[in-house]
Amino acid sequence: MSLIQVKDIRKVYRLDQERVVALSRINLTIEQGEICCILGTSGSGKSTLLNIMAGLEKPTKGAVIIEGKDIVKMSEKELAYFRQLNIGFIFQSYNLMPTMTAVENVALPLMFKGVGRKERTREAKKMLKRVKLGSRMMHKPTQMSGGQQQRVGIARAFVAKPKIVFADEPTGNLDSHTTEEVMEMIVGMARKYHETLILVTHDQDIARYADRIIHLVDGCIISDERNQSVIAAGPETVEKNVDIAAETAHTMEKNGV
């Protein structure tokens, strides 16, 4: 059974008397460990599709089946619990808690899963060291650069070993050099832990990191192709990609990036 099945998803918004079709009969099947990119310009429906797949928004019609469960039929309470157990998020605007330190931000998903304080702090520190933010553990978001904040976001997304990680324009606020290192880190971690990664972007360069590119235009899939020029290669280079990204991140940290 596929990990995610999107069946005949349709989303219609009503603006006064006008009906706006954001998504029109979307059908997708995504496998465990696959790295998919949903590519499209602003207004194409890509973020709406991500929100529906993640259970953050209800479709007008259709089903989203994850591991045999239709999340569209779940209550808000059931969805919240389902996301805590199975899903991680990486956001364009980082979405870190401003009053919390880096280690506290990363530990949040583990707290929601009922992990004890000592264990979640230990795991959060391990993840921060993995993204080379060992010296920034007690820093708050305002004390870190954009690249450092996004690395905290990456650590938070992966700390609970979710089955699926959704990344919505994860490098939208970063410069081109930092973008490359952040993408290497995200893809490297997804491959290392064999987690499904779903990227949403308007950027063709970001799409090149995926195994598969799903191109959305006006709420419709116009192409769904395997990526023949994927940058982050297969399993044999996973550790190399992660280590290179971590080493570069360490250099970035030293330079205050």
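**Close-up 1. Packing of helix 3 against helix 5 (residues 146–158).** The two helices pack at an angle of about 30°, and their axes lie 7 Å apart. The axes are lines fitted to C-alpha atoms, for helices over the stretch in contact, and angles run from 0 to 180 degrees between N-to-C directions. Helix 3 and helix 5 are therefore roughly parallel to each other (angles under 35 degrees count as roughly parallel, over 145 as roughly antiparallel, 65 to 115 as roughly perpendicular and the rest as oblique). The crossing of helix 3 past helix 5 is right-handed, a term for a near helix turned clockwise from the far one by less than a right angle, left-handed being anticlockwise. On the helix 3 side, A102, N105, V106 and P109 meet V152, A155 and R156 of helix 5; contact means heavy atoms within 4.5 Å. Helices (H or I, at least four residues) and strands (E, at least two) are DSSP runs, numbered from the N terminus.

The model is predicted: local features need pLDDT of at least 70 and side-chain atom pairs count only at pLDDT 80 or more, whereas totals for chains, interfaces and linings use all residues. Residues are numbered from 1 along each chain as its sequence is written, and side-chain values use heavy atoms, with hydrogens and water left out.

Close-up 2. F112 counts as partly exposed, at 49% relative accessibility (buried means under 20% relative accessible area, exposed over 50%, partly exposed in between, with a 1.4 Å probe and protein chains only). Its C-alpha atom is separated by 8.8 Å from that of Y81, 31 residues apart along the chain.

**Close-up 3. The aromatic cluster of F89, F91 and F166.** Two aromatic pairs are found in a search of the whole structure. F89 and F91 form a stacked pair, 5.7 Å centre to centre with 15° between the planes. Rings of Phe, Tyr and Trp (its six-membered ring) pair if their centres lie within 6.5 Å; planes under 30 degrees apart count as stacked, over 60 as edge-to-face and the rest as tilted. F89 and F166 have ring centres 6.0 Å apart and planes at 25°, so this pair is stacked. This pair links distant parts of the chain, with F89 in strand 6 (residues 87–91) and F166 in strand 7 (residues 164–168), 77 residues apart. F89 is buried at 17% relative accessible area, F166 is buried at 1%, and F91 is partly exposed at 25%.

**Close-up 4. K161 over the face of Y193.** K161 lies at 4.8 Å from the ring centre of Y193. A charge sits over a ring if NZ of Lys or CZ of Arg is within 6 Å of the ring centre and within 35 degrees of the ring normal.
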